Amino acid sequence: MAMLIQVATFLQEYLYESGHKIKKNDNAVRLGVISTAMINPAAIIRPADSHGDVIISAVASRDLKAAQKYAKQYGIPKAYGSYEELLVEPGIDAVYISLPNGMHAAWATRALQAGKHVLLEKPFTANADEAKALVALAKEKNLVLVEAFHWQWHPAAHTVKSLLQSGKYGEIIRTEARMTTPVGTMPKSDIRWKWDLAGGSFMDMTYVVSATRYFLDAGTPKEIVYANARPMKEDKRVDEAMDAVLKFEVGNTGRVVDARVWTDMARPNIGWVIPRLWELPSIEIETEKAVIYFYNFMMPHLYHYISVYDKVSKETTYLKAYKGGPLWGTRGESWWSTYRWQLEAFIDKIRGKDPVHWVTLESSVAQMETIDAVYEKSGLGKRQGHA
Ligand SMILES: NC(=O)C1=CN([C@@H]2O[C@H](COP(=O)(O)OP(=O)(O)OC[C@H]3O[C@@H](n4cnc5c(N)ncnc54)[C@H](OP(=O)(O)O)[C@@H]3O)[C@@H](O)[C@H]2O)C=CC1
Ligand SMILES: O=C1OC[C@@H](O)[C@H](O)[C@H]1O
């Protein structure tokens with residue numbers, strides 16, 4: 001499922017964003033891409049087409065030939081055969097890092113040390129210790145560093161948040177977030193199955209924690225009630241699936257609620273054949289007066305709905321928001337992907353403007369502390385990074 005919507009995003013961006021290429025400013029931010037990862041075209045290359053203040057000026061790979069081929073394919077002016085070479089290039093202002101999870105901290109550290117702003121793929125790091133060290137360095141260098149939780153910049157996310165903040169539905173009493181992909185759809189060679197690259201379903205599908213914490217306005221959990229991992233057959237250290245209930249304080253209210261989060265990178269099909277195609281990443285938020293459901297919160301640009309079931313009238317109303325919403329106002333376009341909204345905010349931040357929304361460094365540390373705590377409770381232990 002998750003992979004399917006990833007492919008749909010490639011198509012959506014190809015159709016829309018490539019038709020909206022715009023002229024670049026003379027002093028546009030020059031951005032280097034670290035790796036030739038599958039996600040790059042969707043997450044940064046296409047979104048940059050329609051942003052006048054950013055140019056993708058280089059790509060680096062462990063293999064020069066691969067970098068050159070990639071550069072040619074996407075019209076990127078420079079190609080490097082190592083990540084180090086790109087980082088020492090003075091003509092690069094910022095980098096996008098899409099390396100395997102276990103390498104995020106090491107390469108973001110090197111990028112910051114080289115004076116580059118960093119847009120860092122999720123999960124931020126392999127664990128909270130790495131996250132804290134990285135955050136300290138970004139602050140010391142006074143550079144922009146942000147975890148690429150693209151979905152949080154989409155108008156639909158802000159619409160759900162504003163419903164909760166309106167007070168109309170009372171206090172939140174519980175949440176449940178899920179993300180799954182059908183068994184057999186992710187090859188066993190994928191980075192997501194590799195212990196030494198900090199793989200695992202809860203690391204990859206970390207969106208469930210991000211969404212829960214965002215809507216609850218929460219930091220780290222007060223308690224992990226349970227965390228059940230289903231380890232991968234081939235490597236018991238890697239979670240194929242994770243199911244956990246966490247107790248979070250809602251904002252600073254003193255009220256603590258249960259939040260269920262579950263991820264599955266090999267979700268069994270019904271009767272072995274029917275994939276659960278309806279199981280796109282979603283979150284259900286029950287309040288005193290309503291049940292709010294945000295379907296496909298991760299890639300709402302493709303399709304989403306927000307349903308509000310009123311517990312008193314027993315009526316359900318539906319909302320959607322592809323543009324505007326409570327934060328963006330008239331800025332942006334309905335065809336923008338989550339990654340395009342994210343890029344808008346990233347460039348604003350580099351330019352010293354206040355972005356309409358931001359994933360703070362403190363939030364990324366709390367996110368990694370939450371992930372560590374779930375892995376510890378599950379018995380698998382927290383993930384480890386490497387260079
Ligand atoms: N925001 C989003 O929507 C998404 C985010 N992601 C995140 O992006 C990151 C990359 O994911 P994905 O695009 O699937 O990754 P890929 O496996 O497609 O790419 C990872 C890249 O990392 C480089 N690399 C360096 N060392 C290794 C190694 N030991 N093994 C494999 N690759 C290595 C390779 O680039 P090279 O050979 O050029 O050096 C490779 O192309 C992950 O952290 C993931 O969580 C992934 C998908 C969606
Ligand atoms: O970040 C992601 O989003 C889409 C998923 O397909 C993918 O597994 C994950 O890395």
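View 1. Helix α3 (residues 64-74) lies across β2 (54-60) and β3, running at about 160° to β3. The model is predicted; local features require pLDDT of at least 70, side-chain atom pairs count only at pLDDT 80 or more, and totals for chains, interfaces and linings use all residues. Residues are numbered from 1 along each chain as its sequence is written, and chains are lettered from A and ligands numbered from 1 in the order in which they are written. Helices (H or I, at least four residues) and strands (E, at least two) are DSSP runs, numbered from the N terminus. Contact means that C-beta atoms, placed from the backbone, lie within 7 Å. Axes are lines fitted to C-alpha atoms, for helices over the stretch in contact; angles run from 0 to 180 degrees between N-to-C directions.

**View 2. An open parallel sheet of 6 strands.** The strand order is β3-β2-β1-β4-β5-β6. β3 (78-80) and β6 (145-147) are the edge strands, each with a single partner, so one side of each has no neighbour in the sheet. From one strand to the next, the twist averages 25°. Pairing requires at least two bridges between two strands, as found by DSSP. Strand β5 (residues 117-120) pairs with β6 in the parallel sense over 3 bridges. Here L120 stands opposite E147 in β6.

**View 3. Two loops with backbone features.** S35 sits in the loop between β1 (29-34) and α2 (40-49). Its phi is near 110°, a positive value in a residue other than glycine. The peptide bond from K122 to P123 is cis, with omega near -15°.

**View 4. The shell around ligand 1.** The ligand is surrounded by 21 residues; the closest are T36, A37, M38, I39 and S61. A residue is near the ligand if its C-beta atom, placed from the backbone, lies within 6 Å of it. By class, the shell has 10 nonpolar, 6 polar and 5 charged residues. Ala, Val, Leu, Ile, Met, Phe, Trp, Tyr, Cys and Pro count as nonpolar, Asp, Glu, Lys and Arg as charged, and the others, Gly among them, as polar. Domain 1 (2-151) and domain 2 (156-330 + 360-378) each give the shell at least three residues.

View 5. The protein is divided into domain 1 (2-151) and domain 2 (156-330 + 360-378); the bounds come from an automatic or database domain assignment. Taken over C-alpha atoms, the domain centres are separated by 25 Å. The contact takes 24 residues from domain 1 and 29 residues from domain 2. On the domain 1 side, α1 (2-16), α6 (128-141) and β6 each supply at least two residues. The largest share of that side, 6 residues, comes from α1. The side of domain 1 that touches domain 2 divides into 15 nonpolar, 6 polar and 3 charged residues.

**View 6. An open mixed sheet of 8 strands.** The order is β8-β9-β10-β7-β11-β12-β13-β14. β8 (223-231) and β14 (316-319) stand at the edges with a single partner strand each, so one side of each is left without a neighbour in the sheet. The twist averages 10° from one strand to the next. Strand β13 (residues 305-310) pairs with β14 in the antiparallel sense over 4 bridges. S307 stands opposite Y318 in β14.

**View 7. Helices α7 and α9 across strands.** Helix α7 (residues 155-165) lies across β7 (172-182), β11 (282-287), β12 (290-295), β13 and β14, and runs at about 15° to β13. Helix α9 (residues 207-216) lies across β7, β9 (239-249), β10 (256-267) and β11. α9 runs at about 160° to β7.

**View 8. Confidence of the model.** The protein averages a pLDDT of 95, and 99% of the residues score at least 70. pLDDT is the predictor's confidence in each residue, from 0 to 100. For the complex, the predictor gives an ipTM of 0.99 and a pTM of 0.97.

Note on methods: Contact = placed C-beta atoms within 7 Å.
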